[in-house]
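Thanks for coming. I have a few minutes on one structure, so please look at it first.

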Amino acid sequence: MHDPRELIEAGQDAVRRLARRKYGLDLAGLTAAQRARAEAQAEVTRLRTEMNQALRARGRSGPPSEQDKAAARALRTRVQQAEAAARTASEALTATLLTVPNLPLDAVPDGDSEKEAVEVRRGGPAPRASGAGARHHSDIGEALGILDPAAAARLSGARFSVSRGAGARLERALGDFFLDLHTREQGYTEYAVPFLVHRETMTGTGQLPKFEDDLFATRVGERELFLIPTGEVPLTNLVAQDVLDPAVLPLALTARTPCFRAEAGAYGRDTRGVLRLHQFEKVELVRVCAPEEAQRQLDLMVGHAEECLRRLGLSYRVVLLPAGDMGFSARMTYDIEVWLPGSDAYREISSVSDCGTFQARRAGIRYRTAHGRKAYAATLNGSALPIGRTVAALLEQGAQDDGSVLLPDALVPYTGFRRILPGGATE
């Protein structure tokens, strides 16, 4: 969330930057809402001062008369009315601010789709050629007997997946491999977190109110909870309303969680396979730091996600997303895209985002500066990596002419096998 005074002070520059995200900032409306809140709060202060002065005056003049009591009641009523008006004005301003996305950094390119993304670099081996010999991961997985989309459809309908045998073992191995890399070598602390969170938690990281249609919600009695769409939500909110000691920064947190997404805007896209599911597992990275450290931490996190792909021997590239294609809370995002020869395309496998102080303002995440002042921290998040999409890449890039799939050496200590044979046998 933004400080309204900063948006108003930035004026047309804020309008210009948000227009790059296809968001039209109503500067006049925002200014009016900010003024209304300030005036309402000033009226509360004025009336409280008047009431305190009246109380002190009556205390010096002996027992109050009936007329004094009536005047005091009337003044209390006016204070209560002013406080209600101030709450209403504050809630109206907050409701407006909660819909305003983060300001993109000037280094972010223009555009609103993946076509305007700027390629930064490529990594891993040369991309495997697509064409007649390349197969979609869903076909490979079914032939191996490790993916069972029919069973998933019977259980839950479209956009769910069932893995079995070596496929389920591969998924478990990937999660353990990623977490070991992040915690043992890259300095992250692993957490086990709730998968159901309340509305305030979702609001803190920017999923609400804008993306309510993309969330799965449940209600038990009067209690409303949301299934998390990403581990970013509980991990970032672990320090909500905290004032952090600078000595602990940067915080580096990780967790493996299921993720639940309605995919409301993805009708007809990626209906086969495991690329776009309602439920999937992912290892998430979150960092919290001083704002001036954000760019360095962003570069570090991208490198951490890339290292997962390098050790798996997968072909990938890194792209800088355009302003109109970034997530709501991000001010700069790098996507890491893995090569899928069965689709003849690079597809997103990780997004790593710098949110600046945007989420910290919403969630109340602060730290003490070197001068002892409280200031909002910067938050960053990234996928490293989603399990299902990594499986898809391993199947498509590791497919052999005999129908088997060869796995990278880095996974063998976790799987106990290096090859999956047709029918699901391993060796």
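This is a predicted model: local features need pLDDT of at least 70, side-chain atom pairs count only at pLDDT 80 or more; totals for chains, interfaces and linings use all residues.

Start with the rings. The structure holds five aromatic pairs. One of them is formed by Phe177 and Phe178: the ring centres are 5.7 Å apart and the planes stand at 50°, so this pair counts as tilted. Both Phe177 and Phe178 are buried. Ring pairs also bring in Tyr414, which makes a cluster of Phe177, Phe178 and Tyr414.

Another pair is Phe328 with Phe358. Here the centres lie 5.7 Å apart and the planes are at 70°; planes over 60 degrees apart count as edge-to-face, so that is the label for this pair. Where do Phe328 and Phe358 lie? Phe328 is in the loop between strand 9 and strand 10, and Phe358 is in helix 11, residues 358-363, so the pair ties together parts that are 30 residues apart in sequence.

Now the surface. Asp112, Glu114, Glu116, Asp325 and Glu348 gather there in a patch of negative charge. Take Asp325 from that patch. Asp325 sits in the loop between strand 9, residues 316-320, and strand 10, residues 332-340. The relative accessibility of Asp325 is 30%, so it counts as partly exposed.

To recap that loop: it carries Asp325, and it carries Phe328, the partner of Phe358.

Notes
Residues are numbered from 1 along each chain as its sequence is written. Side-chain values use heavy atoms; hydrogens and water are left out. Patches are made of residues with over 30% relative accessible area and no salt bridge: like charges are joined within 9 Å, nonpolar side chains (Val, Leu, Ile, Met, Phe, Trp, Tyr) within 5 Å. Accessible areas come from the Shrake-Rupley method with a 1.4 Å probe; for residues, only the protein chains shown count as cover. A salt bridge is a side-chain nitrogen of Lys or Arg within 4 Å of a carboxyl oxygen of Asp or Glu. Lys and Arg count as positive and Asp and Glu as negative; His and the chain ends are not counted. The place of a charge is taken as NZ of Lys, CZ of Arg, CG of Asp or CD of Glu. Helices (H or I, at least four residues) and strands (E, at least two) are DSSP runs, numbered from the N terminus. Buried means under 20% relative accessible area, exposed over 50%, partly exposed in between (1.4 Å probe, protein chains only). Rings of Phe, Tyr and Trp (its six-membered ring) pair if their centres lie within 6.5 Å; planes under 30 degrees apart count as stacked, over 60 as edge-to-face and the rest as tilted.
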